[in-house]
Amino acid sequence: MTFSIHGLAVARGIAIGRAVLVASSRVDVAHYFIEEAQIPAELLRLAQARDAVLHELQQLHDTLPKESPPELAAILEVHLMLLQDEMLADGVSQWVKDRLYNAEWALTSQLDVVARQFDEMDDPYLRERKGDLEQVVERMLRHIKGVPHVVPQASLKRTPSARQQDLQLDDHMDVPLVLVAHDLSPADMLQFKQSVFTGFVTDVGGKTSHTAIVARSLDIPAVVGARTASQLVRQDDWIIIDGDAGVVIVNPSSIILAEYGFKKRQAELERERLSRLRHTPAVTMDDQRVELLANIEMPEDAPAALAVGAVGVGLFRSEFLFMGRVGALPDEDEQFQAYRRAVEGMQGLPVTIRTVDIGADKPLERAHKEDTHLNPALGLRAIRWSLADPAMFLTQLRAVLRAAAFGQVNLLIPMLAHAREIKQTFALLDQARAQLDARGVAFGPLKVGAMIEIPAAALSVKMFLRHFDFLSIGTNDLIQYTLAIDRADESVAHLYDPLHPAVLHLVADTIAECRAQGKGVSVCGEMAGDPSLTRLLLGLGLRSFSMHPTQILAVKQEVLRADASRLQGWAQQVMASDEPAELMGV
């Protein structure tokens, strides 16, 4: 019987093959009490499992192939740090010593405790680091129980010959395989890359989970957050993964299989055609030059940005450097080296570094780990957190200033709303310059910009432009705050609407005021990378878009086909409509 499973589309493309199921090690964890005399033995089992996983991950990290995406190395480092986190190790030991839990029970109990702290976090990217912790614990449980690796090793040597668009339902030999699992860790993903799997489905995960990030970097069709997929799908079922729609089709009919085979080939041809645009300047039909920039998370993303023709980095999310730290935060030299690598990697093109966008509810600030946050989305996060910890903020500012001596660097401040916050920020920036001067350390000039992601900021844009060189509209948070929608909450996610008239007016007014004052303005949220919205943003006057590198060529195609001057009147009609989506055909 054919049925479909819906999840989150995180990596584009279509994959077709037979299912390989991987069970979770946590399904049948033994729960029993031990005798006091057995405590040393249980602690030894835990230590041996941790050491084995440490060795395994370190070996994977050290032997990464040169062609591996840089995300894998960075995420493996996060897993290594989580594995050595004192909070995890000490907590597990306490369950064994105080409660006399067996090793597996203690490990999963402490996981539940720490996972609740991650659930309270505001930032969706950092909140989903709970998945990384679960993956680390999963690997430890597998070692304790003697369960094999998630990705079956025997499959690594197979080489399917059948083209996916030519597959038949009665094919059994040399067919592609798709992986269906509860979750996949970055280490599993590395083995995945070396295997014959053409796509994967997981029960858990979000659009910003590490599994999703690595899938995009490997360009593997994937659907995550499919909930009970690993329970509904049976071993060797035919599976179609539609990574564009976030749909998994199980046991398709021959007609559906043929249809998706055709779609897959068409998509491959389209991507080949788009790749020819990478060196074509982004200029509209009426000769309006448009700037297409890349959003990156780490310095090693720079080559991928250049490969698709990005003319700079519009958003370097510096918080990635702060993630997964089990001890001190990154010091000035560590940050400086990372920013410098990004600047040099862009080969003279501008790099915009956003100051750290995290909050005091994150595990970075160990002293606050017992705090409760009634509404972390409105709490001490982004610039508020930075201003509350001047020493940390000054460290970052000095590192960015030093990197500016090696190329064009812009500084971007997130989540500003008040004039006093702006004044405090510039005062600390002046202090950072003075500190470097006193040390005799070279630094470069900075253009300083602000993110417009709070409605109050959008409504105060004239005041912002008196202080800043440029503005960057963070549409993800702007939509969330304007519509009072938690975009990570599935129960209200359907109300998250980038085409809501209130959102469009805030975006349009910000763009118009910046253009009137001759100041730069860009959009760096998901709206910038959505080709269906490119014409509208061009009509509203936007000439600078910043997005994930994989989205640049599709947006460039829309730019090349657009006549920006003719789009202005249509854009105003969309703005005036009560239902803009209807005029957009969305």
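Guide: Start with strand β11, residues 351-354, which is covered on both faces. Val-351 and Ile-353 lie on one side, Thr-352 and Arg-354 on the other, and all are buried. Buried means under 20% relative accessible area; exposed is over 50%, and partly exposed is in between (1.4 Å probe, protein chains only). In a regular strand, side chains alternate between the two faces of the sheet. Strands (E, at least two residues) and helices (H or I, at least four) are DSSP runs, numbered from the N terminus.

This is a predicted model: local features need pLDDT of at least 70, side-chain atom pairs count only at pLDDT 80 or more, and totals for chains, interfaces and linings use all residues. Residues are numbered from 1 along each chain as its sequence is written, and side-chain values use heavy atoms, with hydrogens and water left out.

Now the partners of β11. Strand β10, residues 313-317, pairs with β11 in the parallel sense over three bridges. Pairing requires that DSSP finds at least two bridges between the strands. Phe-316 stands opposite Ile-353 in β11. β11 is also joined to β12 by four bridges, and these two run parallel. There, Arg-354 stands opposite Leu-412 in β12.

Eight aromatic pairs occur in the structure. In one of them, the ring centres of Phe-336 and Phe-406 are 5.8 Å apart and the planes meet at 50 degrees, so the pair is tilted. Rings of Phe, Tyr and Trp (its six-membered ring) pair if their centres lie within 6.5 Å; planes under 30 degrees apart are stacked, over 60 edge-to-face, the rest tilted. This pair links distant parts of the chain, 70 residues apart. Phe-336 sits in helix α12 (residues 332-345), while Phe-406 is in the loop between α14 (390-403) and β12 (409-413). Phe-336 is buried at 6% relative accessible area. Phe-406, at 36%, is partly exposed.

Next, an aromatic cluster, made of Phe-33, Trp-95, Tyr-101 and Trp-105. Trp-95 is one of the buried residues of α3, along with Met-87, Leu-88, Gly-91, Val-92 and Val-96. Down the axis of α3, the buried residues fall within an arc of 160 degrees (directions from the axis to the C-beta atoms), so they line one face of the helix. The face turned away from the buried side carries exposed Glu-86 and Asp-98. The 14 residues of α3 (86-99) should span 20 Å at 1.5 Å a residue; the end C-alpha atoms are 19 Å apart, which agrees. That expected span is 1.5 Å times one less than the number of residues.

Backbone next. Most residues other than glycine have a negative phi. Leu-100 follows α3 and has a positive phi, near 60 degrees. Leu-100 belongs to the loop between α3 and α4 (103-119). Its relative accessibility of 21% makes Leu-100 partly exposed. Arg-227 also has a positive phi near 60 degrees. Arg-227 lies in the loop between β6 (222-224) and α9 (229-232). At 55%, Arg-227 counts as exposed.

Last, charges over rings. The charged end of Lys-263 sits over the ring of Tyr-260, 4.6 Å from its centre. The charged end of Arg-535 sits over the ring of Trp-570, 4.8 Å from its centre. The test: NZ of Lys or CZ of Arg within 6 Å of the ring centre and within 35 degrees of the ring normal.
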